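Please keep the sequence and the model at hand while reading.

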Amino acid sequence: MPSSVKRRSSGKIFDLTSFHLEKKFYFYRAKGLILFNRIFIKTIKLFIIAVIIAVLVYAHDHEKQSMHAYYPDAFIFRIHKSETDRIYRVYQIFEDHKVSRVGQIVNVNGYKSDIELLVIIDTRNNTVERVILLKEHESEDYGEYIRQNWYLKRFHGKTADMLLDIAKIREEKENDVVIVTGATISSAAVVYGVNLCIENYNMNIR
Amino acid sequence: MLGRKKYMGLTLFVIICLFLFSGCASESADQIDSPGETEAEYVIISGLTEEDIQLTVKEVKNNYEPVSADVISIDSAGDEEQYHVKGALLHDILMNFDASQKDLYAIRLVAGDGYQIEVPSEVLKARDVILAYEINGEPLDDKTKPLRAVIPDERAMYWVRNLINIEILKGSETEEVSKVVFMETAFKTLNQEEYTYYENIDKAVKIEDLMSQFEIAPSIETVSFVASDGLEKNETGEIFKSSYFKITGEDAPLFLSPDMPKGMYIKNILYCTASDTLFMSAEQALAKYPVNDEGGISLPDIFTDINIAKSSNYVLTGADGYVVEVKAEDIETGIIVKDTKGEYRLKFAGLDKSSTVKNILMIESK
């Protein structure tokens, strides 16, 4: 039967051609909607996965987070090329669109455990701005001293133009740091860690 | 469809796990103590026979009857810690070499990190010395190997870990004290150096300078210490002369050295005796001995405590060189007081003012 034949049904006249077209339209629209929905749902899923991964990546970078705790308004950028076996994170800290500091995370052997330090060097005056103890499991009776602020403060303001020397009784030179008797290995390990960062700063970053 | 969902879920789970656990990996990598090579681990016993005796841990384990004990260690702060130790008795080992622990004058326990301590005869007579190779059911860790000396009911300072040498010490007669030097006054006559002591910068003097000033022979073998808390300890002359007295701040006078393990420091020294000279802290003495109505301490109380040579006369010297000679019977009325300048003076109740010595430096038996 030709498609253009008009039929009377319930008082209404239907055009079969347009009926088929309309049917096709609805069919394809439905199909399109299904496809769109699928793509949309997949996109949403991918987006959620991406967000989770991003959150995990950010959460995983504890070091960057800890740096943000000290420099909340700064933009912190990781420099992979300056990282070494011991110094496994190097960050540039930007303030007012300029690099103001370099933060390095270094891992050294202590008396009983690995000691992890964040060493911040102020690039504007080439001094050690602060040394932060991130992780250690030294013994309670000996290792406690390197957790003390009074010990870590001994590094603050030290020049980054030269390596630090270990002193046992008192500071006699500008670059002397007095280690703690009774926690000699642990406190000397901190000096060693800071020296690695000073060296890396001068060789690979500055 | 379900398979793909499962696959995606699994992938997501693996990614999350990787991130979560990679951060913990380095922290969980604690060292596990290996059983150790007992053949290569040994302790030297010296002074018992002509030649040093090398005793392996394996020999200690196999050749001597093991003893187990629940013991409590008490540190200098009074903190207690309980252990279950297993080892051999030093007494059994010495018996094997025809010696008895009870008959020894003293032994010196030496650790691998330089820590050393003399165990006096009274402790050797009264206590067991366990050479422990197991603590709390575990073999010793790397820092404690090859053996740990454990002396139950004695202070933790005798519990030497990483024990590498047991020196058998020969007895020597105690020399009488013929000279008492008051530390605080003596320190003023010496070069005082800055000494960083934890968070503080205090003053310290070199003991070498003190020995030179008061003509103590550098070859002196042993120096004995008595601290305010009752601690009595001997130290070798070699260690003594290369060390310092920290004279200000916490725990002063404090015997210390940058090359000495912290456990060997002696806090709040009441006196120390080197040869025939006794260095006394007047500050610690004022805290230790009974104080009379005048706020001073009685000289006879001090003399009773120290082994000063009996004499008919005593010569008293001040920091300014002022010298007075007093009779032995006058010593009975001697009082040491701290004056308003923070200096110590020695005065006598029954004598005139000329017998008073300001800034007392020294008392010598004549």
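The points below concern a predicted model and are grouped by topic.

A search of the whole structure finds 28 salt bridges over all chains, whereas the number of disulfides over all chains is zero. In chain B, eight strands make up an open sheet with mixed pairing.

**The eight-stranded sheet of chain B**

- The strands of this open sheet follow the order 15-14-18-19-11-25-21-22 in chain B.
- Strand 15 (232–236) and strand 22 (323–327) of chain B are the edge strands, each of which pairs on one side only.
- On average, neighbouring strands of the sheet are turned by 20 degrees against each other, direction ignored.
- Strand 21 (residues 313–318) of chain B runs antiparallel to strand 22 of chain B, and five bridges join the two.
- Opposite B:N313 stands B:K327, which belongs to strand 22 of chain B.

**Salt bridges in chain A**

- Side chains of opposite charge can pair when their charged atoms come close.
- A salt bridge connects A:R101 with A:E95, and their closest N and O atoms are 2.6 Å apart.
- A:R101 counts as buried because its relative accessibility is 10%, under the 20% limit.
- A:E95, at 29% relative accessibility, counts as partly exposed.
- A:R101 also meets A:E129 in a salt bridge between side chains, at 2.9 Å from N to O.
- This second pair links distant parts of the chain, 28 residues apart: A:R101 is in strand 5 (residues 98–109) of chain A and A:E129 is in strand 7 (residues 127–135) of chain A.

**A salt bridge in chain B**

- B:K338 and B:E283 form a salt bridge, with the closest N and O atoms 2.9 Å apart.
- B:K338 lies in strand 23 (residues 334–338) of chain B and B:E283 in helix 8 (residues 282–288) of chain B, so the pair ties together parts 55 residues apart in sequence.
- Both partners are partly exposed, B:K338 at 38% relative accessibility and B:E283 at 35%.
- In chain A, salt bridges that share partners join A:E95, A:R101, A:E129 and A:R130 into one network.

**Helix 6 of chain B and its residue B:Q213**

- B:Q213 has its place in helix 6 (residues 207–213) of chain B.
- With a relative accessible area of 38%, B:Q213 is partly exposed.
- Not counting residues up to four places away in sequence, B:Q213 touches B:T189 and B:L190.
- The C-alpha atoms of B:Q213 and B:L190 are separated by 8.2 Å, and the two residues are 23 residues apart along the chain.

**Buried cysteines**

- A:C197 is buried, with a relative accessible area of 0%.
- B:C272 likewise counts as buried, at 0% relative accessibility.

Notes. Residues numbered from 1 in each chain as written. Chains lettered and ligands numbered in written order. Predicted model: local features only at pLDDT ≥ 70, side-chain atom pairs only at ≥ 80, totals over all residues. Heavy atoms only, no water. Pairing = 2+ DSSP bridges. Helix = DSSP H or I, 4+ residues; strand = E, 2+ residues; numbered from the N terminus. Axes fitted to C-alpha atoms, helices over the stretch in contact; angles between N-to-C directions. Buried < 20%, exposed > 50% of the residue type's maximum accessible area, 1.4 Å probe, protein only. Contact = heavy atoms within 4.5 Å. Disulfide = S-S within 2.5 Å. Salt bridge = Lys/Arg side-chain N within 4 Å of Asp/Glu carboxyl O.
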